[in-house]
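Q: I'd like to learn how to read a structure like this one feature at a time. Can we start with exposure and go on from there?

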Amino acid sequence: PIPAHGLTMGLQLGPEHARIVQRLDASFAAYMHIRSTTTIQYRHPIGLGFQLNADLCPISEAPWWRQPSAGGGLYLRLPFAQRIRAKNLYTGTFEWQILPKQTFGGVFFAEGAYGDNLYAGAGVGARIRIPPSPNNNLRLDIGYSTLGWGIYADIGEQF
């Protein structure tokens, strides 16, 4: 193990349905590492929403596990965990929730990423919303992407 003492800070602006989140992670002890993550999220009450991310790590001597990654619910749902990895990673997810205020509903989604390669995927999902929603929402998403078929199950919403 290599120690990596440094600074981690973040800022979130906006209400729950529309927000901007900025995080900064820096280490200067055993190795140089600077990472900036910007997230923009919006969800309209009728169920349309999007999340855009810019996860940038232009200066880093850190181990591979500190580099930006996506998959397994982190930014993207179809690729398995940390499947997409790059020093600079841009991702976007757009979705339309069907019956967003009802106990049973669904979702159509499309997602994409650009890092070292281009990634695109789309699919559908089912929702069971148990109060207090959205924290107890049960979800199952399935779709096809440039990496093949993917399935994702979780509690809570993607964003």
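Q: Is Leu140 buried, partly exposed or exposed, and why?
A: Keep in mind that this is a predicted model. The general idea is that buried means under 20% relative accessible area and exposed means over 50%, with partly exposed in between. Leu140 comes out at 45%, so Leu140 counts as partly exposed. You'll find Leu140 in strand E10.

Q: Which residues form the nonpolar patch on the surface?
A: Leu140 is one of them, along with Ile46, Leu48, Trp96, Phe108, Val124, Ile142, Tyr144, Trp149 and Ile151. Together they have about 1100 Å² of accessible area. E10 (138-145) and E11 (148-155) each supply at least two residues of the patch, and the largest share, three residues, comes from E10.

Q: And what about the inside: which residues make up the largest nonpolar core?
A: Here you look for buried nonpolar residues joined through side-chain atoms within 4.5 Å. The largest such core has nine residues: Ala70, Tyr75, Leu76, Leu78, Ile84, Leu89, Phe109, Ala113 and Tyr119. Take Tyr119 as a way in: beyond its sequence neighbours within four places, Tyr119 is in contact with Leu76, Leu78, Pro79, Ile84, Glu111, Gly112, Ala113, Ser145, Thr146 and Leu147.

Q: Gly112 turns up in that list; what does Gly112 touch?
A: Gly112 sits in strand E8. Not counting residues up to four places away in sequence, Gly112 touches Leu76, Tyr90, Thr91, Gly92, Tyr119 and Ala120. The C-alpha atoms of Gly112 and Leu89 are separated by 11 Å, with the two residues 23 apart along the chain.

Q: How many bridges pair E8 with E7, and how many pair E8 with E9?
A: For strand pairing, check the sense and then count bridges. E7 (residues 88-98) and E8 (residues 104-114) pair in the antiparallel sense over nine bridges; Gln97, for example, has Val107 in E8 as its bridge partner. E8 and E9 (residues 118-128) also pair in the antiparallel sense, over eleven bridges, and there Phe109 is partnered with Gly123 in E9.

Q: What lies between the strands of each hairpin?
A: Between E7 and E8 there are five residues, and Leu99 in that turn has a positive phi of about 55°. The hairpin from E8 to E9 goes through three residues.

Q: How many salt bridges are there?
A: With a Lys or Arg side-chain nitrogen within 4 Å of an Asp or Glu carboxyl oxygen as the rule, the count comes to ten. Start with Arg35 and Asp55, whose closest N and O atoms are 2.7 Å apart. That pair links distant parts of the chain, with Arg35 in strand E3 and Asp55 in strand E4 (residues 48-60), 20 residues apart. Arg35 is buried at 17% relative accessible area, and Asp55 is buried at 0%.

Q: Which residues does Arg77 meet in salt bridges?
A: One is Glu95, at 2.7 Å from N to O. Arg77 lies in the loop between E5 and E6 and Glu95 in E7, so the pair ties together parts 18 residues apart in sequence. Both Arg77 and Glu95 are buried. Arg77 also meets Glu111, at 4.0 Å from N to O. Glu111 lies in E8, so this pair ties together parts that are 34 residues apart in sequence. Glu111 counts as buried at 5% relative accessibility, and Arg77 is buried at 0%. Through shared partners, salt bridges join Arg43, Arg77, Glu95, Glu111, Arg127, Arg139, Asp141, Asp154 and Glu157 into one network.

Notes. Residues numbered from 1 in each chain as written. Predicted model: local features only at pLDDT ≥ 70, side-chain atom pairs only at ≥ 80, totals over all residues. Heavy atoms only, no water. Pairing = 2+ DSSP bridges. Helix = DSSP H or I, 4+ residues; strand = E, 2+ residues; numbered from the N terminus. Buried < 20%, exposed > 50% of the residue type's maximum accessible area, 1.4 Å probe, protein only. Contact = heavy atoms within 4.5 Å. Patch = residues over 30% accessible without salt bridge, like charges linked within 9 Å, V, L, I, M, F, W, Y side chains within 5 Å. Areas by Shrake-Rupley, 256 points an atom, 1.4 Å probe, with all protein chains shown as cover.
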